[in-house]
Amino acid sequence: MAGTATSNALEIGHGPLTNIAEYIIDGGALDDATALRLLTLPDSRVYDLMYAAYLVKRHFQGDKLHRCSIVNAKSGACGENCTFCAQSSFYQKDTGVPTYPIMNADAILRAADEAVEYGSTNFGIVTAVKGVQEGPMLDAILEAIRKIRAQGRIAPDASLGVVTRRVLEKLKDAGLQVYHHNLESARSFYPNICTTRDWSENFETIQRAKEVGLEVCCGGIIGMGESPQQRIELMQQVAALKPEHIPLNFLVAVKGTPLADVAPMRPVDCLKSIAVFRLTNPTSDLFVAGGRVQQLRQLQPFIFMAGANGMMVGNYLTTPGRTKEDDLELVADLGMNI
Ligand code: SF4
């Protein structure tokens, strides 16, 4: 029965972790200490952990496969100083990422058509900016959203930074389905990631988007130098927002950014993070976005056994992803339906 015992009392033992899965399926929530014990299990237990996460995914998501693509609709010259980001004006001279203004609605529409060809369910319009305000940039985005919605082939999403309630209402009126904004990291780690913005602005942006009735997509990046405790902190802070969709990114250490020399995670640790993210966020779509290729390497197909029910396909904001053919083949080889 949900909530009759704290998860701290759950037996982790040496065998399959089906008791953990049953507890969560029954409505239980992992406390931080239990989540940390799971995240730091020895490698020899990773399949036990993945199986528990898989059972939870199977219960809440069935065989639903979330696939999203994005377009970088306005690149570079961002005034924020996020240390992982190639588009920050603080590091752009070293990263060499191009700057261009907002794409027009027809160019965004063409990118949406490409996302449909990739078999994506959702298409995100992303802008490198602290937050889009009312004006020509927002008008171009609204026009694109209306056109994508009119075609009805893919769900229009947007990631436009820290925005006002009025902007969110306009996006919703235009037909936006999902507003995306990441917490990026645990609150306690955020001063290492960004000092031009407060973490609470990220959290409150998602709260505002929910208040206006949008679905929300909110996650973060793992592998930026945070501790295992801070990974759990991020998972629980995301869970507090109850997002419909969660993008789990692994750091892509881009040359020229302050995080360029952060050592990559071990692929097996990526799987553990996916599994515990699933166990702490059982009912959300959990999809692996940036860093899948670079950090999971040969273990990419295992993300679905570890509890993910989706992935970003196509290119990322400033780094290439895998080819459409490779990702479609991966899904087909696993016997999953699009
Ligand atoms: S706000 Fe977004 S685009 Fe700007 S530096 Fe941070 S991550 Fe990059």
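**Close-up views of a predicted model**

**View 1. The loop between α9 and β7.** K242 is located in the loop that joins α9 to β7, the latter spanning 245-250. The model shown in this and the following views is predicted. The phi angle of K242 is near 50 degrees, which is a positive value in a residue other than glycine. Most residues other than glycine have a negative phi. K242 counts as exposed, because its relative accessibility is 62%.

**View 2. Residue R297 in the loop between α11 and β9.** The loop in this view runs between α11 (292-296) and β9 (310-312), and R297 has its place there. R297 is a residue other than glycine with a positive phi, near 50 degrees. With a relative accessibility of 48%, R297 is classed as partly exposed.

**View 3. The surroundings of the ligand.** Eight positions are to be located here: C78, E80, C82, F84, C85, S88, A128 and R197 surround the ligand. Divided by class, this shell comprises 5 nonpolar residues, 1 polar residue and 2 charged residues.

**View 4. The crossing of helices α2 and α9.** Helix α2 covers residues 32-39 and helix α9 covers residues 228-241; their axes come within 10 Å and cross at roughly 125 degrees. The two helices are therefore oblique to each other. The crossing of α2 and α9 is right-handed. On the α2 side, the contact involves D32, A35, L36 and L39, which meet P228, Q229, R231, I232, M235 and Q236 of α9. By class, the contact of α2 with α9 contains 6 nonpolar, 2 polar and 2 charged residues.

**View 5. The packing of α9 against α10.** Helix α10 (residues 267-280) packs with α9 at an angle of about 35 degrees, and the axes are 9 Å apart. The crossing of α9 and α10 is right-handed. From α9, the residues R231, I232, L234, M235, Q236, V238 and A239 take part in the contact, and from α10, S273, V276, F277 and T280. The contact of α9 with α10 is made up of 7 nonpolar, 3 polar and 1 charged residues.

View 6. L30 belongs to the loop between α1 (18-25) and α2. Is L30 buried or exposed? L30 is buried, because its relative accessible area is 5%, and the cut-off for buried is under 20%. Residues up to four places away in sequence aside, L30 touches S7, L10, I20, Y23, I24, A35, L38, Q236, L279 and T280. One of these contacts, S7, is 23 residues from L30 in sequence. In space, the C-alpha atoms of L30 and S7 are 5.3 Å apart.

View 7. T40 lies in the loop between α2 and α3, the latter covering 46-61. T40 counts as partly exposed, because its relative accessibility is 46%. T40 and A253 are 213 residues apart in sequence, and their C-alpha atoms are 23 Å apart in space.

**View 8. The pairing of helices α6 and α7.** The axes of helix α6 (residues 136-151) and α7 come within 8 Å and cross at roughly 25 degrees. The helices α6 and α7 are therefore roughly parallel to each other. The crossing in which α6 passes α7 is right-handed. L138, I141, L142, I145, R146 and R149 of α6 meet V167, K170, L171 and A174 of α7. The residues of this contact between α6 and α7 are 7 nonpolar and 3 charged, with no polar residue.

**View 9. Residue V167 within helix α7.** V167 is part of helix α7, which spans residues 165-174. V167 is buried, because its relative accessible area is 1%. Apart from neighbours within four places in sequence, V167 is in contact with V132, Q133, E134 and L138. Between V167 and Q230 there are 63 residues of sequence separation and 32 Å in space, C-alpha to C-alpha.

**View 10. Residue N249 in strand β7.** N249 is placed in strand β7. With a relative accessibility of 14%, N249 counts as buried. Which residues does N249 contact, leaving aside its neighbours within four places in sequence? The contacts of N249 are N182, G220, I221, I222, A289 and G290.

Notes: Residues are numbered from 1 along each chain as its sequence is written. This is a predicted model: local features need pLDDT of at least 70, side-chain atom pairs count only at pLDDT 80 or more; totals for chains, interfaces and linings use all residues. Side-chain values use heavy atoms; hydrogens and water are left out. A residue is near a molecule or strand if one of its heavy atoms lies within 4 Å of it. Ala, Val, Leu, Ile, Met, Phe, Trp, Tyr, Cys and Pro count as nonpolar, Asp, Glu, Lys and Arg as charged, and the others, Gly among them, as polar. Axes are lines fitted to C-alpha atoms, for helices over the stretch in contact, and angles run from 0 to 180 degrees between N-to-C directions. Helices (H or I, at least four residues) and strands (E, at least two) are DSSP runs, numbered from the N terminus. Angles under 35 degrees count as roughly parallel, over 145 as roughly antiparallel, 65 to 115 as roughly perpendicular and the rest as oblique. A crossing is left-handed if the near helix is turned anticlockwise from the far one by less than a right angle, and right-handed if clockwise. Contact means heavy atoms within 4.5 Å. Buried means under 20% relative accessible area, exposed over 50%, partly exposed in between (1.4 Å probe, protein chains only).
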